[in-house]
Amino acid sequence: MTEKEFKHKEFQKLKRFINKRYPGAHTVQMSDGTTKYYKVLDENLKSVVSPELMLPHAKTVREAWEHAKYVHWFQNMIRRSNNAFDDTKQFDQLTKNRKHRRH
């Protein structure tokens with residue numbers, strides 16, 4: 001397998017990963033007047049990459065898909081962190097510790 005074939009295979013794998021999470025995801029070319037950049041949009045034409053993350057514009061199609069994968073990773077990390085510090089979970093943990101101290 002040549003390097004070009006390997007890169008193409010990895011890119012297809014990346015696209016499948018994103019399309020599972022954002023069905024209908026596709027790339028569009030945008031322009032701010034002076035420069036062109038790429039974005040990945042979902043089937044509702046909403047950008048997969050939130051502007052709140054302040055990622056730089058993707059200069060290539062591949063970079064746009066890599067940004068989308070990073071966003072998925074970031075959102076997953078935040079969700080898992082929030083679940084770990086859920087109020088009911090914290091309350092249960094505190095009451096459990098109190099019960100153990102009494103005995």
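Why does F74 count as partly exposed? F74 counts so because its relative accessible area is 25%, and partly exposed runs between buried (under 20%) and exposed (over 50%), with a 1.4 Å probe and protein chains only.

1. Basis. This is a predicted model, where local features need pLDDT of at least 70, side-chain atom pairs count only at pLDDT 80 or more, and totals for chains, interfaces and linings use all residues. Residues are numbered from 1 along each chain as its sequence is written, and side-chain values use heavy atoms, with hydrogens and water left out.

2. Aromatic pairs. There are two. In one, Y70 and F74 are stacked, 6.3 Å centre to centre with 25° between the planes. Rings of Phe, Tyr and Trp (its six-membered ring) pair if their centres lie within 6.5 Å; planes under 30 degrees apart are stacked, over 60 edge-to-face, the rest tilted. Ring pairs join Y70, W73 and F74 in a cluster.

3. Setting. Y70 and F74 both belong to helix 2 (residues 61–84), four residues apart, about one turn of the helix. Helices are DSSP runs (H or I, at least four residues), as are strands (E, at least two), numbered from the N terminus. Y70 is also partly exposed, at 37% relative accessibility.

4. Charges at F17. R21 lies over the face of F17, 3.8 Å from the ring centre. The charged end of K69 also sits over the F17 ring, 5.2 Å from its centre. The test is NZ of Lys or CZ of Arg within 6 Å of the ring centre and within 35 degrees of the ring normal.
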